[in-house]
Amino acid sequence: MQRKRKRLFIRSIILAVLVAAISYTVYVTATGGSKKVVKEGDQAPNFVLTDLNGKKHQLSDYKGQGVLLNFWGTWCPPCKKEMPALNEAYKAFEDKGVQVISINIAQSDFEVRDFVSSYGLDFPMTIDQTKSVMRAYNVDQLPATFLIDSKGKIKRILTYGITEKEFKQYMESIQP
């Protein structure tokens with residue numbers, strides 16, 4: 001009799017754990033689908049990040065200007081390849097109402113400074129240490145570039161390495 005009770009007790013615990021696991025899986029699946037996905041035509045989520053020089057960049061401060069947001073990592077081969085092209089495009093458009101904000105994904109200050117120095121980059125370089133901006137923009141692959149028009153709307157989302165000619169064309173498209 002004692003053995004039967006013990007087996008019943010163990011089976012009940014196992015059943016309870018399975019029910020809890022299934023319930024949790026169903027809950028996560030159901031609520032995960034309600035995550036807001038940022039798409040072309042949407043208002044760009046506002047954020048504040050500090051660049052390597054200590055200057056704060058708040059997206060809403062650039063209203064009336066075009067903004068190119070570029071998410072990247074030092075370990076990403078297409079990111080490395082497009083950085084010189086982005087730098088040249090930045091130089092061509094910095095006085096034409098198009099801003100570039102580059103957002104590194106959670107790497108150390110040292111890694112990013114070393115990268116910027118070795119590539120001779122001139123545009124504002126920020127680090128998203130908490131990945132909050134990355135999550136707000138639903139970035140899941142690098143590089144990711146968001147073209148934001150002067151009204152703060154996302155005009156284009158690009159998830160591949162971009163050439164200098166393409167950068168210039170895209171920057172012209174968001175030039176006020």
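In the predicted model, helices α2 and α5 cross in the right-handed sense. Two packed helices are described by the angle between their axes and the distance between the axes. For α2 (residues 77–93) and α5, the axes come within 8 Å and cross at roughly 40 degrees. On the α2 side, the contact is made by E82, A85, L86, E88, A89, Y90, A92 and F93. These residues meet E164, F167, K168, M171 and E172 of α5. By residue class, the contact of α2 with α5 comprises eight nonpolar and five charged residues, with no polar ones.

A disulfide is a covalent bond between the sulfur atoms of two cysteines. The count for this model comes to one disulfide, formed by C76 and C79. The sulfur atoms of C76 and C79 are 2.4 Å apart, and the criterion for a disulfide is a separation within 2.5 Å. The link of C76 and C79 is right-handed, with 75 degrees about the S-S bond.

Five strands form an open sheet in the order β5-β4-β3-β6-β7, and the pairing is mixed. Strands β5 (125–128) and β7 (154–158) stand at the edges. Each of these two has a single partner strand, so one side of β5 and one side of β7 are left without a neighbour in the sheet. From one strand to the next, the twist averages 20 degrees.

At one end of the strand order, β4 (residues 98–105) and β5 run parallel and are joined by four bridges. Within this pair, I127 of β5 stands opposite N104. Helix α3 (residues 109–119) packs on the sheet and touches β3 (66–72), β4 and β5. The direction of α3 makes about 155 degrees with that of β5. Helix α5 (residues 164–174), described above as the partner of α2, also packs on the sheet, where its contacts are with β3, β4, β6 (144–148) and β7. The directions of α5 and β3 make an angle of about 140 degrees.

Strands β6 and β7 pair in the antiparallel sense, again over four bridges. I148 has I154 in β7 as its bridge partner. The hairpin of β6 and β7 has five residues between the strands, and among them G152 takes a positive phi near 85 degrees.

Two further features of the backbone concern loops. Most residues other than glycine have a negative phi, and most peptide bonds are trans. A106 has a phi near 55 degrees, a positive value in a residue other than glycine; this residue lies in the loop between β4 and α3. L142 and P143 are joined by a cis peptide bond, with omega about -5 degrees. P143 belongs to the loop between α4 (132–136) and β6.

Technical notes
Residues are numbered from 1 along each chain as its sequence is written. This is a predicted model: local features need pLDDT of at least 70, side-chain atom pairs count only at pLDDT 80 or more; totals for chains, interfaces and linings use all residues. Side-chain values use heavy atoms; hydrogens and water are left out. Two strands pair if DSSP finds at least two bridges between them. Axes are lines fitted to C-alpha atoms, for helices over the stretch in contact, and angles run from 0 to 180 degrees between N-to-C directions. Contact means heavy atoms within 4.5 Å. A crossing is left-handed if the near helix is turned anticlockwise from the far one by less than a right angle, and right-handed if clockwise. Ala, Val, Leu, Ile, Met, Phe, Trp, Tyr, Cys and Pro count as nonpolar, Asp, Glu, Lys and Arg as charged, and the others, Gly among them, as polar.
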